[in-house]
Each structure stands twice: as C-alpha cells, then as structure tokens.
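The exercises below ask you to read a structure carefully, one element at a time. Try each task by yourself before you follow its solution.

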Amino acid sequence: MTAVRSDTAVRIDGVSRFFGAGAARVQALDNVSLDVRSGEFLCLLGASGCGKSTLLGLIAGLDAPSAGTVDTTGRRAGMMFQDSALLPWLTAGGNIEVPLRLRGIRRGERRERVERLLAMVRLAGLADKRPHELSGGMRQRVSLARAFAQEADILCMDEPFGALDAMTRDLLHDELERIWRETGVTVIFVTHDVREAVRLGDRIVLLSSRPGRVAEIFDVDIERPRRIDSARVAELATTVTTRLREEVGRHGH
Amino acid sequence: MATESGISTQLRGRSTDLDPETGLAVDAALAGLDALDIPTVQRRPLAARAWAATWPKIGALALFLLLWQVVVWSGWKPTYVLPGPGKALSEFGSRLGTNHFWDALARTLVRALEGYALAVVIGVVVGVAVSRSAVLRTAVGSFITALQTMPSIVWFPLAILLFKLSESAILFVVVLGAAPSVANGVIYGVDYVPPLLVRVGRSMGARGFSLYRYVVAPAALPSVLAGLKQGWAFCWRSLMAGELLVIVPGHPSVGADLQNSRELLDTVGVMASMITIFVVGVLVDTAFNIADQRMRVRRGLVAEGTSAVRAARGGRGRGMAGGGVDPVGGSGDGTVPHQPVDGGAGGADGGHAGGAG
C-alpha cells in the first residue's frame, strides 16, 4: 500500500478467479489485466457470465483472486448494488450513518455529514424516511450517498440502475455524472446495457463470457454532457453492440 | 395525504441547473418524479384502528361465553360440575379483591420471569454458538429441536428427584422448556439473513462483531422475536404443569390454587384459576404482538394494522402504491421461518397433570 497518488487507481494484473473445485470447477475470470485511471469513469460491459460482478467484488475487496493481483494503490473502494440494498430497519439517514459509525466518527459530525451527503443526492431533509417510504430511484440515491460516506476514492457500481424505469434511469445518469464531476471519484460501473455504458463511460471494457476475458476496450470520445438518445451515442452503441453479439455468438455452438 | 405533500415541499426547495441541450431543469424533473414516485400510505384515524382491532375480539369472546351458557342450559352436566360463565366470572371478580389472589399471582409471575430470563440468556448464547460453528451445529443442532418437542411434563419426575418439591425443580423444567425455542429462533434468524445484506455490511467495512451488530442481529430480529414469543408460551405451559405437580408448602401460586380447587371439587374455583391463566396469556401475547407489529411497520412489511399479504391483495385499497415494498427488505424480513412446534405438548401437559394429581 503506497500513500503516493499515482495516475492509476486500480491495477489489475493477470487476475483469474475460480469457483468450486474438481469437476464442478467454474472459471469466472481468465487472466484479466486492466488499469483503471484515477478519476476515470470506466464501464465494464458484458453478457451474462462474463464475470463483471466477480471482478467488481475483487476490486471492492469482498473477494480475493485465485491468481494474479488487484492493487487499489492505497485507495478505498465503496460499493453500490443493483438492489439499493439499504438496511430496511434503518432510516435513510441511519443507512448513510453506518459506514461513519464503523469508522468511529463522533455523533455531531456524523449528523452533519449525513445532511451533506443527502443534499448531494438531492434528498435534503429526508433523513428520517424509511427505505420503503422512498421510490426506487430515491433509494438508489440514498445508496449512492452511503457509498460516498465510506469516503471512497473508487466507486464500484454493480448495475445500479438496472431495476429502474427508463425515465428515472435517465435522470440518475445526469445526477451520477454531476456528482462524479464534482467529486473527482473514480467510477467503475458494471452494466449489460450498451447505451448506458456509452452514455456514461470514458472507456468501455467489453468482457467476453465464460470465462471472462477482456475482449476489447473502447474509448468514448463524445463530449459531455451526453444524452442517451443522441445520434453519436447511438452510433457508438451500434458498434459496441455488434462486437458484443460476436462475443455472445461464439457460445451458441 | 400528509406524507406526500410534506415530501414535495421539501423537494421543491432546490437550486436549479439546466440540461445544456434541452434547457430543461434536471432537478425540477427529478423533484417531480420523486413526488410522483413516492409511495403513499393512507393512515386511518387512531379511533378507527382501535375499534377495528377490538370488536372482533369482543365478538369472539361473546360468542364463546354464549356457547358455554348454551351447554349449561342444555343440562348436559349438573351445574355444580359445570357452572355457567356468570358464576365463574363473578368468582374471578371477587378473587381480585383478596390478598391471597395477588400473592399467588405474584409468586407465579416471578417464577415465570426468572425462568424466562434464564432461558433467554441460555437460548441466545447457545443459538449464537450453534449458528456460528458447523461442528456445534452437527453436534447439537437436531438435539435442540428434539428437546423442544419433548413435553415438559416428562422432566418433572427427574426434577423432583434431583431438587425435591422446591422452587429449583420448577425453575429447572421451565428453563428446559423455554430455552430451545429461543435458541432455534436465533439459529433460524441468523441462517435466513439475506446474503446481499451481509455483502453490503462487508463492503462498508464491517467485520466480525461489528458485522453482527450492524447487519446480522437486526436482520435476524424477526425470527428471534418469534422464538422469544414461542419460548414464552413454552415457559408458561411448563410453569403451569410444574405448579400443579410441585406444590411447595407455604408458597401460594396460581397452579397450587387450581390444584386445591380440584381437590375440593370446586369447579367454580377451577374455572376462576383458569381465567387467571388465560388473562395472563392474552396480556403477554398482546405485548409480543405490539412489538412485532411495530417492527414490521418500521420495516415496511405491513401498512398499519394489516398483513403484508392482505396489502398485496389490495385489501380495502390500503397499503402501498407504486412498488412501495422493497423487494430486498420484503424477502429478507418476511422470511420468518416456521419453527417446529410440538403438536401435543400443551394438551399432554394438562392431561398428565390432571391424572397425576
């Protein structure tokens, strides 16, 4: 662990991950190498079984690779899940407070930070609402605030908007982009939605399936802010989709 | 709807920034969506809820008393063997004015609380240990359930040989009766904690004890509460069986009174004692239900005074609108596993006790 800030936020070097043993052994990732730049918005894109969530778990430190190394260069990774995964027995504010309590931050300061984080995701004043009293989009914003409460330099997002309706998702793309710009956080965003990846990413890493390998990396040279329905986004999305279909098609035989 | 207007007021006080391409305010759209999306909960006034919770109980009680009276009127048994509800209730009422009644009740309740407290401590310790250790689970996991299904009455011969006719004999059986339910509640609760929530806890940096404190324990609470409730039922049953069998001289108790009345062929007295036992049962059950209801309302599993199943069926238009029930919270908390319940222990207790006396 180095305290020196390099331009690389995450160094993934020759990472493989197996699950199970013997004949039932499944390889989720095969020799994946990838550098994530500091402050970058990186999208991991792939079909089912490409190991994108596995890779994210490795970066977030929830899991260890079978081979190779994952180096987060001394940075702290926060995680956000598809289901908002808020603790249902706590209020919105209480959920955001948990990572602060785990780090031993005192009560007065916790309250202040919770309010600040809620304001960041435009939910100021809703600290006392319970998860079931909020809509899906609002819950995801609380979840985002909770990830930031971990003072994460790297934000790992596992299909965070997958379960939302199109209009909410669209607005949350804008919100996420704004917060990313304002905070300078490094985002690693897992999705299987090509347009979403093109809408958000600086780069798109296309993973092949079973086992997951890096198939191709796309640079997204479309100026921000972008709109998901713009012609340039649609154009690149078509290219990426064609390539993704090739990868998926190799499993049909 | 108070909730909804409250939230939209809070949402309105935001700065605006415009979408550079469309010129539309992003956060105005977001605020609008929030206001539309927010699930609305309709709350009925307190008086209406109280009435809705009370009248079916009063009705059921009235029906039961009526049936009882009808049987008495039918002349099936002479009234000195089967007195009517009026006589039994008035005997119960007149007992309320005697010191003896309150001394006996106090003795019984102290025994119950002591035994229950000890059972909860033992049950929680054993439950946590078993849920954490695969070896312990294999070793004693099924014994706990076996112990739970054993009618507590069968422990008394051993208890009396070990402790004689003493308070200790009663305590021994009460603890053995209640602790397995509590332990099973803890074990099932921990087993059914949604893995996603554990992953969330770990991603926030919780490990070991802090993971238990912030995630596992609160997630297991519904099942633990179910175990505590069942544990109380076993505790109360065991205690009543014990008080009928183990009568400690100079220690009046509800069970001793009941046994006493039986020996004096005083059916009215027997019924008055049984009413006492029933009332205590109802009061404790109500306390557990209030705790359970509060927990479910807080977690969004139930919209005030109704079950999640009924809300999902759209019963009377109450409940949530617009995907209000969190699927994670729902599946996570809703899964209160059914514990094995002994089918006949309660009845067996009563039967054996009557025969033995």
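**Exercise 1.** Which residue in β4(A) does A:D13 stand opposite?

*Solution.* This is a predicted model, in which local features need pLDDT of at least 70, side-chain atom pairs count only at pLDDT 80 or more, and totals for chains, interfaces and linings use all residues. Residues are numbered from 1 along each chain as its sequence is written, chains are lettered from A and ligands numbered from 1 in the order in which they are written, and side-chain values use heavy atoms, with hydrogens and water left out. Begin with strand β1 of chain A, residues 8-19, which runs antiparallel to β4(A) and is joined to it by four bridges. Strands here are DSSP runs of E with at least two residues, helices are runs of H or I with at least four, and both are numbered from the N terminus. The residue that stands opposite A:D13 in β4(A) is A:T69.

**Exercise 2.** Describe the sheet that contains β1(A), and then the helix that lies across it.

*Solution.* The open sheet has three strands in the order β2-β1-β4 of chain A, with antiparallel pairing, where two strands pair if DSSP finds at least two bridges between them. At its edges are β2 (26-37) and β4 (67-71) of chain A, each of which pairs on one side only. Next, helix α1 of chain A, residues 52-59, lies across β1, β2 and β4 of that chain and runs at about 125 degrees to β1(A); such angles run from 0 to 180 degrees between N-to-C directions, with axes fitted to C-alpha atoms, for helices over the stretch in contact.

**Exercise 3.** In which order do the strands of the six-stranded sheet follow one another?

*Solution.* The order in this open sheet is β5-β6-β7-β3-β8-β9 of chain A, and the pairing is mixed. Its edge strands are β5 (77-80) and β9 (213-219) of chain A. β5(A) pairs in the parallel sense with β6 of chain A, residues 154-158, over four bridges, and the bridge partner of A:M80 in β6(A) is A:M157.

**Exercise 4.** Is A:T168 buried or exposed?

*Solution.* First locate A:T168, which is found in helix α5 of chain A, residues 166-183. A:T168 has a relative accessible area of 4% and is therefore buried, since buried means under 20%, exposed over 50% and partly exposed in between, with a 1.4 Å probe and protein chains only. Finally, leaving out residues up to four places away in sequence, A:T168 touches A:G137, B:L33 and B:D37, where contact means heavy atoms within 4.5 Å.
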